[in-house]
Amino acid sequence: MSKSYGRDRERTSVLRFLSEPGGLLAIDGPPCAGKTLLLHEAVEAARDLGYAVVLVPGERLATSADLCRALEQDAATRPLIAVDHAHRDPTALLALLPRLRGRPVTALLALTGAVAGPEVRCALAERGDVLTLGPVDDAVAERLVRALLGAAPDPALTALVATAGGNPRLIADLVLGLREEDLLEVRAGVARLRGDRPREDQPGEDQPREGWLREDRPREDRPREDRLREDRPREDRPREDRPREDRLPRRVLDLVGGRVEALPSDAARLVRAAAVVGRSFLLRDVAAVVGEDTAALLPAADRAVSSGLVVCADERWEFDSDLVRRAVLGSTPPPVLHALRHATPVPRADRADRNDRADRADRWTPVADEDRGADAVHGVRALAAGGRLGAAIALARDSLGRRPGPAAAAELHVVLAGILLADGRPSDAAAELEHVVVMPDAPEPLRRLASAGRLLALYFSTGSRAGAHALSVLTARDREASDADVVMAATVHSCLEWRAGNLAESLYWGRQSTRWELDRPTAWWQSQSAVSFALKLSALGEFADAERLVRGDGPDEDDAVTSGAPAARAIARARVLTQAGRLDQARAAARKGLLTARDRGLRLLVPLASTVLATVALHRGEVVAAAEHVRRYRADLVAGEAVLHSGQYDWVELLLTHAQGGPGPAVERARERVADPDATRRMLVEEPGAAAWLVRLALAADDVELARAAVAAARELAAANPGIATVSVAAAHARAVLDRDVEELLVVAGRHHHPWAKANANEDLAALLAEAGHEGRAAAHTALALRIFERMGAEGEAARLRRGAGPALGGGADWQRLSEPERDIARLVGAGLTNRQVAKQLYLSPHTVNYHLRGIFRKLGISSRVELARLAHEQETSKA
């Protein structure tokens, strides 16, 4: 089957055009309509017919020397100029058309006429033929599904396919994605969505039961978290929590999400907000969601129309198809989506009062104290939920200056403090909360919430000075465990004990803080209890329990900083995934958390997300990307926006210094860190492989004193925590590297829980065995370390190991094992192109390029793009 799915008639027209040389044919269609694939197939057909083809991307129309040479060729060579994305340079295209007149040149163009403009469209119609790619009809769509699946679609699948609006590329990616993710089943020649059981069937042992038994238990008998998850709009739920029949495949989300991400930020924001409003929308409704004037959105709207994602129909705008809208929603991070859904300044129910209340979040006028306070709280929350923290802070302070009633004033102080904390200003947040704690008429639940927030803000701003206050709350006799300040006191005490190296005490209070139920009201910063305990469990290798704490939603809802808790959980989960050796998932989670934090103004969370991305980049060998992440979070730290205490900052900078400059500069930085006992302890607790890495680094630089200091710090930590296996194994690993103890390293390599530390232990063991002449055993441990790195996705670590091991690993590069398409991909990747750029060059999807790239790595016995670049260069050099 042709890859230009559903375009048989159009393909026939193109082949008919090519049957005789000369002339111009323009293939005009919206983005993702299949025009590039059709052009590519036409080029292949033209070569088979003897044409001398010159393929030029639209952005090079004005500079292509090959195009100029083709224009000078005679008829005998049958020159054909093919231009893909010709709309990218309308001026150059208009200049080319007159040059084609009277020359024996055939021209074939693929473009989006709506982007190129009316002048280009008129010129093409006058000088040649235009083949317009419109939506395919239902019959063609059904034939396409049959061809892809080898089965007829049932009514539910047909209805889903119809939401693609007749776009063959979307239909193909939808169907293929459903099949790849096992969301389809084929029985008796009929393809149906899993979960859509025919009525006459009864579920048997071989049938999937998900989706049919979901409601067997009464709602009131199901866990509270399940009820909350079910109450959320489906498109607000994480993808894995949605019913199978309601999920869009990753192919579709990547295709549409990639188009959204390619837009300028203002246009992308408009498209996401419009998706929240509906399939069809008025621009003023989108303006209300994003908090902008309608006129200010017009340039962004024009760019959105040019992308083909939305179209303008008279006064209204609408998405190209319902599937596109759903994919925009599905590819938007849930916290951002949730914030957009709650970002309108005033609920619709309040619009009966038509005076100034339509935008009272921005223009507030004095009324009675009670109403004024309620309106102010509502406005502050609405602005904060929309990511406009500066405006929210200004409104809150202005409203407090107007002396609202005590209940409203207390609530304003608490909401304002949560915003200030999200903005990275814990001292200011503590001052606001102090007002509530000492306010005589403040409601008791708000007072306790304020006491909890003040304690956390003091911890962030002063560190250990919050310890005495936390202990005083925990030892009070008349307190309930569900009180907000008791839970936060346990959290802060746990964090301080962790920093002091008292791990058992820290774990006890951390576990208690996550077991206790939270009283209402709640705030986003109460997620610190689950987040901080999850990071502690991850440092100890208890990855499943750690991820469970930070996956999904928690009880810490906040109507103002709506994205705070979800973003904090996403970033913490990214750290857990990094330590668990799941780097691809870690990077995705960190990017999602970072996007939310930056988009919603949560500056407190940004640096920690950047450290995760830097760590992943270093393990993958992407030193330049890691350096950029470090540069950004350093700027945040200098600006005082990062107060989350972590040993990760020091650790990542050590790794980066070594990657950039080798052992010499890294040893200098390591000496500075080890000279600070508190900083060293934090680093060794949070990164179990750090002690052995420091010893290895010191020995490489002949700094035995530094190596001994690292071992002493690790052993001191282990001695203070005799029941914590992770720190004792880390200390034994560091001592074994220093003492060159093969037997101890063998024990340590089997006891490490953290994949990166385990791989390093096997690598250390292999080095000692090789020096002792045990080549076979050394090769076995090297291969084990390599497999661990490969499973992690640590391409940089694997490449380093291969370089050091040389031929001992076996399985060298065998270029001839690659197929011709794989060689094409390998050459382009080796030349430095990204997967998306390769996909554009070869007219494939990025998903297909990524699939082939994994096969290439496997066949060549490599694990990084750097190694592939070297092998590709060697092949080109040998040919020359």
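Here is a short chat about a few spots in this predicted model.

User: Before we start, what pLDDT do local features need here?

Analyst: Residues are numbered from 1 along each chain as its sequence is written, and side-chain values use heavy atoms, with hydrogens and water left out. The model is predicted, side-chain atom pairs count only at pLDDT 80 or more, totals for chains, interfaces and linings use all residues, and local features need pLDDT of at least 70.

User: Is asparagine 762 buried or exposed?

Analyst: Asparagine 762 is found in helix α38, residues 755-771. Helices here are DSSP runs of H or I with at least four residues, numbered from the N terminus. Buried means under 20% relative accessible area, exposed over 50%, and partly exposed in between, using a 1.4 Å probe and protein chains only. Asparagine 762 has 2% relative accessibility, so it counts as buried.

User: Which backbone oxygen does the side chain of asparagine 762 reach?

Analyst: Leaving out residues up to four places away in sequence, asparagine 762 touches Ala749, His781, Leu784, Ala785 and Ile788, where contact means heavy atoms within 4.5 Å. Its side chain also reaches a backbone oxygen at 2.9 Å, that of lysine 758.

User: Which helix gives the most to the lining of the second largest cavity?

Analyst: On a 1 Å grid over the protein atoms alone, a cavity is a set of points where a 1.4 Å probe fits but cannot get out, and lining residues have an atom within 4 Å of a point. The second largest cavity holds about 90 Å³ of space, a volume being the space filled by probe spheres set on grid points joined across faces, edges and corners. Its lining includes Arg575, Trp651 and His754. With three residues, the helix that gives the most is α27.

User: And which helix has the largest share of the lining of the second largest pocket?

Analyst: A pocket is an open set with protein on both sides within 12 Å along at least five of seven lines. The second largest pocket has about 1200 Å³ of space, and of its 42 lining residues, His658, Arg696, Glu763, Glu797 and Arg800 lie nearest its centre. The largest share of this lining, nine residues, comes from α38.

User: Last one: how far apart in space are glutamine 837 and valine 849, C-alpha to C-alpha?

Analyst: Glutamine 837 lies in helix α42, residues 835-842, and counts as partly exposed because its relative accessibility is 40%. Valine 849 is twelve residues from glutamine 837 in sequence, and the C-alpha to C-alpha distance is 9.8 Å.

Key:
Helix = DSSP H or I, 4+ residues; strand = E, 2+ residues; numbered from the N terminus. Polar contact = N/O pair within 3.5 Å; in protein donor to acceptor, adjacent residues only side chain to side chain.
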